[in-house]
Amino acid sequence: MLNLLRMDLYRLMRSKAFYICLGFLLTTVFLCYGMLFLVGTPKGQETAPKIGMGALVETGGDTSILDGMDFIEMIRKSCMDGGAYHLVFGILTAIFVCTDFHSGFVKNIMTLHRKRWKYVSSKLLTMGIADLFYLAVCFGFGAVMNLLFHHMVPFGEWRDILFYLSWAWLINMAFAALIIMLCVFTKNMAAGVSMAVVLSCGLVVMPLAGIAGLFNADGWFPYTLYYNMSSGPSFYSMPADLKVYAVGFVFIIVYTIASVVFVTKQDV
Amino acid sequence: MKNEFVVETTALTKAYKGKMAVDHIDMKVRDGAIYGFIGRNGAGKSTTLKMICGLARPTEGDIRIFGRKADDPMCARWIGALIESAGLYPNMSARQNMIMKARCLGLADEKSIDRALAITGLADVGKKKIKHFSMGMKQRLGIALALLGNPDLLILDEPINGLDPEGIREIRQLILDLNEEGKTFIISSHILGELSRISTHYGIIKEGNLIEQVSRESLEKKCKDYFQIEVDDTKRALSIVMEHEPGIQAEVCDKHIIRFYHIKDGAGLNRILLENGLKLYASGFHHMDLEEYFLNRMDCMDTEKKEEGENA
């Protein structure tokens with residue numbers, strides 16, 4: 001499996017999609033910082049009319065907007081909670097996995113590696129490494145932006161940042177496992193990308209939870225990936241906050257097993 | 001690792017939604033052979049090759065490669081395959097695709113990549129992206145990928161598709177050279193003339209059934225010499241010949257052509273036909289080649305099937 005992992009990492013590092021997606025995320029973080037600086041800080045409100053964005057301050061200018069917000073909240077609001085990160089990461093996963101089937105290179109892989117779990121595990125680990133890299137770069141870039149925008153929000157505790165990063169990584173891995181499962185099932189890039197878009201925005205879970213709520217049967221909603229992706233804890237305060245790890249772990253296992261079953265049962 | 005048979009299948013079957021794509025095939029490929037796998041489109045060639053390579057799961061039956069079960073991870077190391085089209089990442093260069101396969105194999109040495117690119121004539125285009133490759137170049141790269149890791153068994157499905165005559169000649173020579181080194185080949189191709197120049201054994205598949213496995217020597221014996229005439233009236237010509245040469249083996253191919261087997265005096269036959277006032281357009285001795293043998297075999301099977309249907 002390490003051979004496959006080395007092969008996948010080699011391809012990931014050479015794919016344009018990897019850098020385009022990262023660029024999109026960093027742009028999102030930059031725009032979020034820029035906009036909040038302009039509407040939420042006195043210095044920014046002074047600057048906005050000079051760069052032709054006075055209307056922005058007139059309609060949304062409010063210095064209390066940053067009250068109580070720290071670095072983690074800032075990053076969460078900029079790309080994580082709204083689903084932008086998962087959208088981009090999901091699309092990257094779909095493109096990465098489906099390219100194997102689309103190009104036909106999967107035939108070369110499957111001829112050599114007849115134990116299909118190796119293929120799925122390698123894809124999952126590769127996306128896990130990509131996720132770790134993306135999270136680290138996004139947080140690092142956010143920290144630089146924070147410094148550039150005159151310490152707009154306090155950094156908070158390192159412990160909280162690590163707590164958030166660790167569960168976010170696990171939940172993102174579970175999301176990647178879901179996209180991998182759908183991709184090996186459909187073997188179609190358009191289907192994979194479409195599902196990444198739909199699932200990252202909660203377009204499946206939210207309506208279902210709404211309908212279930214009408215019958216008071218929405219108790220499962222806090223255990224969904226979407227809920228945990230958007231509403232997981234920002235810091236550890238009680239043992240119940242660890243639930244997010246359990247959710248991520250269980251979904252990784254379930255989706256990985258399903259992927260292995262699909263890829264084993266289907267012919268290449 | 002030496003076995004008499006490199007590939008041995010027993011009752012190998014593949015069914016798709018109840019329809020038999022491959023029906024209880026017992027295929028035997030000898031060590032060091034170049035096994036030409038022949039059949040019409042949809043006969044089950046690619047499905048069989050896919051099952052041997054582990055790309056498709058057999059519905060039934062057993063596959064042994066070098067005497068081991070096909071799902072043995074060691075078997076995968078012994079096989080190099082090019083199935084259908086070459087699977088290549090279009091946005092990567094030829095060399096990068098080779099590196100991908102090398103990493104997949106766990107090869108650290110890049111010399112094998114250079115060697116495979118060189119012997120397939122791609123040494124100069126290693127840095128060119130696949131999306132800018134012609135079909136023939138992709139096919140060569142597919143063969144280069146199959147050669148990586150120095151496998152003992154090469155399975156090539158339509159390897160000369162899209163190649164120019166020079167490319168075909170190079171690949172033919174490459175196959176023969178590698179075969180001399182001791183490598184075994186299973187090659188499926190529609191270009192039977194080309195296949196007949198290199199194959200040492202043949203397998204003919206029809207509608208999922210392996211109807212014949214034959215060595216080149218046996219095939220040579222079966223490919224009979226015949227004397228073919230082209231006349232205006234085959235019915236009359238046949239009756240005249242039968243009258244003069246009772247017991248002659250003849251075959252009416254269409255409304256103008258008749259073939260006579262085991263005949264030595266062609267000129268005598270021509271004279272008889274002309275003396276009886278028949279219009280003789282052409283005549284001559286021919287040797288049946290692989291293509292004719294294959295088509296003959298297919299026609300025989302079709303006729304038998306039709307007759308069985310009528311009798312039923």
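## The hairpin of E5(B) and E6(B)

In chain B of this predicted model, strands E5(B) and E6(B) form a hairpin with two residues between the strands, and Phe66(B) takes a positive phi near 50° there. Strand E6 covers residues 68-69 of chain B, and E5(B) pairs with E6(B) in the antiparallel sense over two bridges. Strands here are DSSP runs of E with at least two residues, and helices are runs of H or I with at least four residues, numbered from the N terminus. Two strands count as paired if DSSP finds at least two bridges between them. Arg64(B) has Lys69(B) in E6(B) as its bridge partner.

E5(B), residues 60-65, also runs antiparallel to strand E1 (residues 5-16) of chain B, and five bridges join E1 to E5. The partner of Val7(B) in E5(B) is Ile65(B). In a regular strand, side chains alternate between the two faces of the sheet.

## A buried arginine in chain B

Helix H6 of chain B, residues 165-180, contains Arg172(B). Is Arg172(B) buried or exposed? Arg172(B) is buried, because its relative accessible area is 16%; buried means under 20%, exposed over 50%, and partly exposed in between, with a 1.4 Å probe and protein chains only. Leaving out residues up to four places away in sequence, Arg172(B) touches Glu194(B), Arg197(B) and Ile198(B).

## Where chain A meets chain B

Contact (heavy atoms within 4.5 Å) involves 26 residues of chain A and 34 residues of chain B. The buried area, meaning the accessible area (1.4 Å probe) that two parts lose on being put together, summed over both, is about 2800 Å² between the two chains, and carbon and sulfur atoms give 55% of this area. Tyr10(A), Leu112(A) and Arg114(A) supply 27% of the area that chain A buries against chain B, more than any other three residues.

The count between the chains is one salt bridge, a term for a side-chain nitrogen of Lys or Arg within 4 Å of a carboxyl oxygen of Asp or Glu. The side chains of Lys14(B) and Asp267(A) meet in a salt bridge at 2.7 Å, N to O. On the side of chain A that touches chain B, helices H1 (2-13), H6 (84-103), H7 (106-112) and H13 (243-265) of chain A are the elements that give two or more residues.

## Conventions

Residues are numbered from 1 along each chain as its sequence is written, and chains are lettered from A in the order in which they are written. Local features need pLDDT of at least 70, side-chain atom pairs count only at pLDDT 80 or more, and totals for chains, interfaces and linings use all residues, while side-chain values use heavy atoms, without hydrogens and water.
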